[in-house]
Amino acid sequence: MTMAALSAALLGTQLFVMPISDRVPELKVEATCKATTADDKAMGLALPQSFADCMRDESDAQQQLTTVWADAPGPVRDSCEGEAIAGGSQSYVDLLTCIQMAGWTKSPSTAPRLRGASRTRNSQ
């Protein structure tokens, strides 16, 4: 009887385990922020982004990803994750932007159809 209870307990805990692919990936954004800050300074920008600001942006993007990640289709997540880590830099901002853009391309536009100066515009 104890073996059956143990098996049931183990099976019950497995129902709540989330597959790794369903979790927002863990990115190492510190190096990207350090590089961004250095590049901004090297270019002599009047308002270079500070390391703290970059890290805050990345943290905000990571938080937003936790709400949209599970709703994004697996192929979109995989593709966007690849883009977010391409070239050795890792960025939650890039990952979030990619997922948002993928969603926008699938959503029908709610903007009114423009008819312009066509001769047939009043017939539609």
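Helices here are DSSP runs of H or I with at least four residues, strands are E runs of at least two, and both are numbered from the N terminus.

Some housekeeping before we go on. This is a predicted model, where local features need pLDDT of at least 70 and side-chain atom pairs count only at pLDDT 80 or more, while totals for chains, interfaces and linings use all residues. Residues are numbered from 1 along each chain as its sequence is written, and side-chain values use heavy atoms, with hydrogens and water left out.

Now the overall picture. The protein chain has 5 helices and 0 strands, and from the N terminus on its elements run α-α-α-α-α. Of its 124 residues, 20% count as buried; buried means under 20% relative accessible area, exposed means over 50%, and partly exposed is in between, with a 1.4 Å probe and protein chains only. The accessible surface comes to about 9400 Å², and 60% of that belongs to carbon and sulfur atoms. Those areas come from the Shrake-Rupley method with a 1.4 Å probe, and for residues only the protein chains shown count as cover. As for contacts with a separation of 6 or more, 65% are between residues 24 or more positions apart, a contact being heavy atoms within 4.5 Å.

Let's go back to α2, which covers residues 30-42. The expected span is 1.5 Å times one less than the number of residues. Which residues of α2 are buried? They are Thr 32, Cys 33, Thr 37 and Asp 40. Seen down the axis of α2, these fall within an arc of 130°, so they line one face of the helix. The arc is taken from the directions from the helix axis to the C-beta atoms. The face turned away from that buried side carries the exposed residues Ala 31, Lys 34 and Ala 42. Lys 34 counts as exposed at 55% relative accessibility.

And what do the buried residues of α2 pack against? They pack against α3. To give you a distance between C-alpha atoms, Lys 34 and Ala 52 are separated by 9.7 Å, and they are 18 residues apart along the chain.

On to α3, residues 51-68. With 18 residues at 1.5 Å each, α3 should span 26 Å, and its end C-alpha atoms agree at 26 Å apart. The buried residues of α3 are Cys 54, Glu 58, Ala 61 and Leu 65. They cover an arc of only 65° around the axis, which puts them on the same side of α3. On the other side of α3, Gln 63 and Thr 67 are exposed.

The structure holds 1 salt bridge, meaning a side-chain nitrogen of Lys or Arg within 4 Å of a carboxyl oxygen of Asp or Glu. The partners are Asp 53 and Arg 56, at 2.2 Å from N to O. Both lie in α3, 3 residues apart, about one turn of the helix. Asp 53 is partly exposed at 29% relative accessibility, and Arg 56 is partly exposed too, at 46%.

Next, the disulfides. How many are there? The count comes to 2, with a disulfide being a pair of cysteine sulfur atoms within 2.5 Å. In one, the sulfur atoms of Cys 33 and Cys 54 are 2.0 Å apart. This pair links distant parts of the chain, with Cys 33 in α2 and Cys 54 in α3, 21 residues apart. The link is left-handed, with -80° about the S-S bond, and both cysteines are buried.

A disulfide also joins Cys 80 to Cys 98, with S to S at 2.1 Å. Here Cys 80 sits in α4 and Cys 98 in α5 (residues 92-106), 18 residues apart. This link is left-handed as well, with -75° about the S-S bond. Cys 80 is buried at 2% relative accessible area, and Cys 98 counts as buried at 13%. Counting bonded cysteines along the chain, the pattern is 1-2, 3-4.

Last stop, α4, residues 74-84, where Val 76, Arg 77, Cys 80 and Ala 84 are buried. They fall within an arc of 95° seen down the axis, so they line one face of α4. On the other side of α4, Pro 75 and Asp 78 are exposed.
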